Amino acid sequence: MQTIKTGTRPPWVGFAAAVWVGVAAGNSYCFPLYSHALKSALGFSQQELTVLGVANDLGENTGILPGIACNYFPPWVVLLVGVVSSFFGYGVIWLAITKTVQNLPYWFLWVALVLAANSSAWLGTAVIVTNLRNFPLSRGTVAGLLKGYIALSAAVFTEVSIMLFNGSASAILLVFTLGIPVICLALMYYVRPCIPAFEPDPSENAHFMFTQATSLLLAIFLLTTTILKNTLNLNDTVSYTFIAVMVVFLLSPLAIPIKMTLFPARKKGIGPVECSEGLDSKTGPLLTPSSSNTTLASSNDDEDVSNVNMLLAVGEGAVKGKKRGPSRGEDFSFREAAVKADFWLLWATYFLGIGSGVTVLNNLAQIASSVGFTDTSTLMSLFSFCNFLGRLGGGAVSEYFVRLNATPRTFWTMITQIIMVLTYLLYASALDGTLYAATALLGTCYGLQIAIMISTSSELFGLKNFGIFFNFMQLGNPLGALLFSGMLAGYIYDTEAANQGTSTCMGPACFRLTFLVLACVCGLGTILSLILTIRIRPVYQMLYAGGSFRLPQSSVH
């Protein structure tokens, strides 16, 4: 247990550190940056490569252990596990691609890639869980921002790759092996749990707006400079300048605690924020965000009664008679949540939307080359940029409408899945000039669904075991990659390539059937999203009855 610090700055210092750790946590999105080198250097078929992509997705989204660890250990311990996974996992892949070690078995590389990508789960879970607990009244905004920075990591590492290493796959893998551990070891002390204020703070909204603006500028900058590098012959000085500007943008959230230090604001009625590195494994996190049943029963005054009424909502309506367990908005255990229909509806909609989207992401380089498009780094940056916009927008837009008229966040999941149906049909058409548009639409929808899932799971089932819930939801990603990418897309691609008498398939037929199947998948996802939205509408009407998510004052320990 380290010394407890008080004040309003520590959560924002932690958030600034979380931005860098979040970028490091997005390493699993960079598989397309070195997948071509894996295929050419080691002589893999497309199906073998897509199965390695499944390993990448499995590692990225196997976060049940990190979620459990967040309830028993301080964040630095969770981050340390991610550091070790990144070092050893990517180290093995680097040794294989550079042929420093010859003839590594395929299964060994598969396991190494699972380990490498699993660092993303440990790093991402640590920063997301910690910061949602630190800012419980702005969970949609926080989730969108942090997942947005994680999505931007692909563009950040693409920038580093093309500006400093001329697209060298071995160099970027070396950055993952050594650079990620260095960044996380340097910053892990600052990612710490805090006891937040339980009343809305106007300055907090202003600070988040600043962070959203700077992150958007960073995204635009990364997309623009990547295109310039691929179209113009930039010298080293210009490339290094671009990298320096990118670093300044990534440091921009640190301006918030610096401003708090130089220009402290006087607040009335808002107590200090306490931060600590240590948690008591028996009592749980410093913040018990949703109310306990015992505390709710003991509320006596009118305000507490109002809070109780807001939190005692279920998808089927008001609670009748004696409660047999927690209601939506309270803290669920995993076993209690797993018997709820809403839990599995949320998982199914996420699986269908994200599982189909990751299929395109894993095969983006091959999709582009099959229709004669060679500039895959620009396409990857476009997907990353729009993925970021979706995550940032998903958090901000859903937060606005849920406060305005209690619109369930899953309403936006339904809208994006409708758009994804049209996007897959656009991919299948293979019309000239549509690849950029389809990739932009898919990236936006993909990112938005991730942000929505995180916020929704925390609102329906509480923050106490939130790390377990959202990581279980994310298992839909590798399962979708296995079914739709490894077993469907890879098989169809290799079959078409065999019909053409070559190992590289060319033409729209390589992925057309895959896209048509994915369109049907998202059609089913649209129906399930609609059902879920109707079911949880009463929940959001109760949780946001006052225009904002309010936590019981008695839940502060």
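Helix α5 contributes the most to a nonpolar surface patch, giving 5 residues. Helices here are DSSP runs (H or I, at least four residues), numbered from the N terminus. This is a predicted model, in which local features need pLDDT of at least 70 and side-chain atom pairs count only at pLDDT 80 or more, while totals for chains, interfaces and linings use all residues. Residues are numbered from 1 along each chain as its sequence is written, and side-chain values use heavy atoms, with hydrogens and water left out.

The patch covers about 770 Å² and is made by Trp76, Leu80, Val84, Phe87, Phe88, Leu115, Leu174, Leu178 and Leu185. At least two of its residues come from each of α5 (75–97) and α8 (169–187). To join a patch, a residue needs over 30% relative accessible area and no salt bridge; nonpolar side chains (Val, Leu, Ile, Met, Phe, Trp, Tyr) are joined within 5 Å, and like charges within 9 Å. The areas come from the Shrake-Rupley method with a 1.4 Å probe, and for residues only the protein chains shown count as cover. Take Phe87 as an example: this residue is found in α5 and is partly exposed, at 36% relative accessible area. (Buried means under 20%, exposed over 50%, and partly exposed in between, with a 1.4 Å probe and protein chains only.)

## Salt bridges between helices and loops

The whole structure holds 4 salt bridges, each being a side-chain nitrogen of Lys or Arg within 4 Å of a carboxyl oxygen of Asp or Glu. One of them pairs Arg535 with Asp342, at 2.5 Å from N to O. These partners sit 193 residues apart, Arg535 in α22 (residues 512–543) and Asp342 in α15 (residues 341–362). Asp342 is buried, at 0% relative accessible area, whereas Arg535 is partly exposed, at 22%.

Glu399 has two arginine partners to look for. With Arg403, the closest N and O atoms are 2.8 Å apart; both residues lie in α17 (residues 376–405), 4 residues apart, about one turn of the helix. With Arg409, the closest N and O atoms are 2.9 Å apart, and this pair links α17 to the loop between α17 and α18, across 10 residues. Both Glu399 and Arg409 are buried. Shared partners join Glu399, Arg403, Arg409 and Glu459 into one network of salt bridges.

## An enclosed space

The search finds 6 cavities of 30 Å³ or more. On a 1 Å grid over the protein atoms alone, a cavity is a set of points where a 1.4 Å probe fits but cannot get out, and lining residues have an atom within 4 Å of a point. Grid points are joined across faces, edges and corners, and a volume is the space filled by probe spheres set on the points.

The second largest cavity has a volume of about 90 Å³. Among the residues lining this cavity are Tyr29, Glu60, Lys147 and Phe470. The elements giving two or more lining residues are α6 (106–134), α7 (139–164) and α20 (466–473), with the largest share, 5 residues, coming from α6. By type, the lining divides into 5 nonpolar, 5 polar and 2 charged residues. (Ala, Val, Leu, Ile, Met, Phe, Trp, Tyr, Cys and Pro count as nonpolar, Asp, Glu, Lys and Arg as charged, and the others, Gly among them, as polar.)

Conventions
On a 1 Å grid over the protein atoms alone, a cavity is a set of points where a 1.4 Å probe fits but cannot get out, and a pocket is an open set with protein on both sides within 12 Å along at least five of seven lines; lining residues have an atom within 4 Å of a point.
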